[in-house]
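Hello,

Here is the structure we talked about. Please open it and follow along with the notes below.

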Amino acid sequence: MNAPAQLDGCSHCLLPLGRRPMQRTVNGEPFAFCCYGCCIAFQVKNGKSEEWDAAWLLIRLGVGAFLSMNIMLISLLLYAGALEGADAWLLPWIHLLLWIFATPALLILGGPFLRDAWVNAREGRLTASALIVVGVGAAYVYSALAVIGGSGGEVYFDTATMVLMLFTIGSYLEAAARARAARDLEPLLAAEREVATIVDGDKEIMRPVREVAAGMLVRIRPGERIPVDGVVIEGQSHSDEAIITGESRHIGKGVGSPVLAGSINIDGPLLVRATDAGTSTRWAKICRSVRDALSRRGPIQRIADIVVGVSVPLVLILGVMTVLYWTSHGILFDRALLIGLAVLVVACPCAVGLAAPLATSLGIGRLARCGCLVRDPAALEALASTRLLAFDKTGTLTLSKPRIVAIESEAGRPDEVLARAAGLERYSEHGLARAIAMAAAARGLEPVKTSEVVALPGRGIRGRTHGQAIAAGNRALMDELGWAMSPALDQRAHSLEAGGHTIVYVGWEGRVEAVLALDDTPLPETRWTIEALRSQGLAIALLTGDAHQAARRFATAVGIGMDEVETGLSPEAKCEALENYRRTHGVVAMVGDGLNDGPVLADADVGIAVGSATDLARETSALVLPPGGVWMLPWVISLARQVRRTILTNLAWAFGYNLVALTLAVLGLLQPVLAAAIMASSSVLLIVNSLRLTRLPDPILPPSPSWPGLTRQSIPTVLSTPSGASTA
Amino acid sequence: MGAYLLLFGAGFLGSFHCMGMCGGFACAVGRDPRGGGATIARHLLYNTGRLSTYCFMGVLAGMLGQIICTPQGINLSSNSLDLGQRILAIAAGLLMIAMALQFFGLVPNLGRGPLGFGGNTFSASLRSLLGTPGPAAPIAIGVFNGFLPCPLVYAFLAQAASTATAPSGFLVMLAFGLGTFPAMLMMGGVGRLLAPVWRRRGVWLAGSCILLLGLVTLGRGILPLESHIAHSWLTPPA
């Protein structure tokens, strides 16, 4: 069971483990943590009292607090002048008492920091823990020497223990807040940990989802997550499939209804026959993809990491130099030492390391809960700075259910044309191909057996039937093959195309035998989406392989201007067009269906695939929207921008705070204990700022005739700009 | 000294109120299987942990009061009650009176406000410590217990702050904490709660004590110096 713990990230906050995770055994099981705070928080939450291990940590914390509070108390009384005058002879004894208290306190509270610093130092790395250890150690050693010397000089045991105490509390609070953030991600990482109730005869056994095979019966109680893809064979209920499809309405389920793994069974018990193994569901793939994304680091994060790595040794040097400077300027050595300690404490770059990952994972989790998958944090950052959004028409802005509206054939045998075309097109997943195959099926035609099928991206498809070459595709394909066409057919094709229909030419034996006219209905919410995107300051472009007239008609219908449309593009030409846009606009995103535009999506700064039917693992796009999820784009973009804003404000705060406080500390204006307190609260502030991301509203379906239940008034809540409301 | 006796008494009587919440912890610290002496030691450790938290907060409150008063340019060694300290005394007195009224059930509960997720995690952490053997666990429980939100503690912290010096704040909370010792030790020894009737009387007594203290503190802020009855009581022993 060791491996899953490693795979899942920190057992407490689910964020990726660092290069050197902490390992602990809680309740007899091994767990891995990203930081000391998470380790404490996890044990506080899950540790059972019988488990000595968990309790031990809390006892350390409690006893450490007991000792350091007493040290602080006595020291404060001393500072307040409780032992002046007649009682002054007691002072050395009080100092000795403080030393006796401080030594175990230091060992108890400082142990974890020391271990972390040591483990990293052996590998040649200096971490933030090293700063704490060096600073606190120096204060302690100096004070101990002062007690031994008996000179009656000042001691700083209180500072040493209080700094440690505050850092321990700070990391605990941080971990508690991070766990709260992680609740958002929990369902997305749970796929492999989920347990299914398998019905075997009259027995019911609990098994991990990965052991579920196709054909098994699984019982799901109301409120539980459905662990497998399958078909309902008993029971009636509603389910919430938002996490898979982005659909926020509850969907009724009865006997025979398909259910999706990852959706929530809301109000009735269900018995489901699994149609797929537990590990091959879309949900399991989504979970793997989210985990992959979480383990990657965005560009901002990488820069922050470098800064942290560089800053630790610099701060150490700065601390030493500060001490030397103040000593040489006539300040007592112990005062100078304290100033140095304040410098080390305040410059501890914990907050900088926390600024980006938390906001990014919250953003990824937020998107994933609505069915939008981010495959790389870098994509989220790029999306936030995108200036132009290019659409690929086919399948993304249309209902992706084109219908055949006319068949013009040379010999007047539409059924034969359709049967041949269907035999070829059933090998393709292209929207037009499916329409042709479906039309054939609707007429009850048997597709003609076809072999040696080759898909030609951007042009069509060809193969062989009974030894004859057959091809279906656009005009370019026919010209390329050199296949001739009768003038009458050519005439018909032109007039259909002028009417805005998409034309598929079908030919065999060196002749174009027929043209199929397909109608491609734009998605009802496309117009609204385009306007919403414009109001977010994005430029829009339509790059399509379709012929000029069809694309024009379509563009007019959805509110895209003529100057924003480029028609008749091959995939290579689309890449070129993107390159042009990149020069004129900057960061460019491409929206496609992820099937026949894979290279273009990969070529864009952000490739966005809508409702991709291909295997998620082989997906080339950086962002995957659920089927029919184009309307979510404005929401996705505003979320990406929000995430970026959060990261930047976090970093600005972390760096700004560190710089200001560091200056004060170097000038000797900041008490070390105060510095530690501000340091701890600074991290908490970053977390609170990042947690605001969890409160962003859900995407709301735009108003359209197909969703009469939704009112137009609800749109502006999705967008900050009001112009979205002006669309009808 | 009289003032501290009054505080001790208020703590003692007030602790009958505590039994509802902290009494549960005292019971849960439990008995030591090695016998009576070990059990007493266990409970003394627990109460010492609690006391040190109270004292620590008392010193902090006293210092806070001092910080609030100091910018007014007062000389703390003199007996003159300056404006800052008067305002502090009025605020503390009003707070204590509010707490007392709450004990009588006359105002809604004030003490449970700041219990967020931190509070939940906190009580969860205490739960996991209960029943752990060894001398360290009771201290830890006591320390954490001392930080649990409690109107009684708040009232006395307000009192500690109004003294405006760290040592007096320390002594206020020490007296209060020691006052809670008998009842809490008894809880540990007897291991069951007092009869409800007695607890109600205890709460009533605690409320009266806090009300009295609150009135005295308030008086310190409002009344002119000459007519100040409790003047020698609640000013720091210089």
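**A nonpolar patch**

A:Ile306, A:Val310, A:Leu314, A:Ile317 and A:Met321 make a nonpolar surface patch of about 500 Å². Keep in mind that this is a predicted model. A:Val310 counts as partly exposed because its relative accessibility is 46%.

**Aromatic rings**

How many aromatic pairs does the structure hold over all chains? There are 7. Take A:Phe113 and A:Phe167. Their ring centres are 6.5 Å apart and their planes meet at 85°, so this pair is edge-to-face. A:Phe113 lies in helix H4 (residues 91-122) of chain A, and A:Phe167 in helix H6 (residues 157-182) of chain A, so the pair ties together parts that are 54 residues apart in sequence. Both residues are buried.

Now look at A:Trp653 and A:Tyr657. This aromatic pair is stacked, with 6.1 Å centre to centre and 20° between the planes. Both lie in helix H22 (residues 633-666) of chain A, 4 residues apart, about one turn of the helix. Are they buried or exposed? A:Trp653 is partly exposed, at 37% relative accessible area. A:Tyr657 counts as buried, at 8%.

Chain B has a cluster too: B:Tyr54, B:Phe156 and B:Phe176 form one aromatic cluster. Back in chain A, the charged end of A:Arg420 sits over the ring of A:Trp508, 4.3 Å from the ring centre.

Chain A has an open sheet of 3 strands, in the order E8-E7-E10, with antiparallel pairing. Strands E8 (250-253) and E10 (264-265) are the edges, and each pairs on one side only. Strand E7 (residues 237-240) is joined to E8 by 4 bridges. There, A:Asp240 stands opposite A:His250.

Best wishes

Notes. Residues numbered from 1 in each chain as written. Chains lettered and ligands numbered in written order. Predicted model: local features only at pLDDT ≥ 70, side-chain atom pairs only at ≥ 80, totals over all residues. Heavy atoms only, no water. Pairing = 2+ DSSP bridges. Helix = DSSP H or I, 4+ residues; strand = E, 2+ residues; numbered from the N terminus. Patch = residues over 30% accessible without salt bridge, like charges linked within 9 Å, V, L, I, M, F, W, Y side chains within 5 Å. Areas by Shrake-Rupley, 256 points an atom, 1.4 Å probe, with all protein chains shown as cover. Salt bridge = Lys/Arg side-chain N within 4 Å of Asp/Glu carboxyl O. Buried < 20%, exposed > 50% of the residue type's maximum accessible area, 1.4 Å probe, protein only. Phe/Tyr/Trp six-rings, centres within 6.5 Å; stacked < 30°, edge-to-face > 60°. Lys NZ or Arg CZ within 6 Å of the ring centre and 35° of its normal.
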